[in-house]
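Please look over the sequence and the structure shown here before reading the notes.

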Amino acid sequence: MFFRISAAAIVVFVMLGSSAQAQVRSPLKLPDPRAEFVRQCAPHMMGRWANPEAVCGCLHDYAAAAVEDTDLRAALLRGISETGVPTIETKWVPASKQSEIGATFTKIAKPTLQCMFEAAKLGSLLKTPRSPISS
């Protein structure tokens, strides 16, 4: 009886140990935030732009990069990915930062226009993204 219990305990230890090692060896693969943003944004750009992925990638890499505040940047990226245009809902940012929404749009105006109307020219830059954003 003691032998059976000991053998069962050893088998359980070996099984648990090997599954724990397998989890350590194969790290959890996290989704790429930029790719996920482009995947959500591009359908909203279809029909508006010849290359919606390039426009969305450019907005992620350049327009949103102009916004230093993480809450405002996250709200901007959410607005673009949900609507296809730069949008920030006041409920997406803390009340203390809602007064900065107008200045944020002023700050992203030029890079947004460049992305929307010059994305083809920026295409070579977009092939190797240098995103300063880690949203």
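## Basis of the model

This is a predicted model, in which local features need pLDDT of at least 70 and side-chain atom pairs count only at pLDDT 80 or more, while totals for chains, interfaces and linings use all residues. Residues are numbered from 1 along each chain as its sequence is written, and side-chain values use heavy atoms, with hydrogens and water left out.

## Arginine 34

Arginine 34 is placed in helix α2 (residues 33-45); helices are DSSP runs of H or I with at least four residues, numbered from the N terminus. Arginine 34 counts as buried because its relative accessibility is 17%, where buried means under 20% relative accessible area, exposed over 50% and partly exposed in between (1.4 Å probe, protein chains only).

The side chains of arginine 34 and aspartate 61 make a polar contact at 2.9 Å. A polar contact is a pair of N or O atoms within 3.5 Å; within protein, one must be able to donate a hydrogen and the other to accept it, and residues adjacent in sequence count only if both atoms are side-chain atoms.

## Tyrosine 62

Helix α3 (residues 52-63) contains tyrosine 62. With a relative accessible area of 29%, tyrosine 62 is partly exposed. Its C-alpha atom is separated by 10.0 Å from that of lysine 110, 48 residues apart along the chain.

## Helix α4

At the start of α4, a side-chain oxygen of aspartate 69 comes to within 3.0 Å of the backbone nitrogen of aspartate 71. Just after α4, glycine 84 has a positive phi of about 90 degrees. Buried residues of α4 include Leu72, Arg73 and Ile80.

Technical notes: Helix = DSSP H or I, 4+ residues; strand = E, 2+ residues; numbered from the N terminus.
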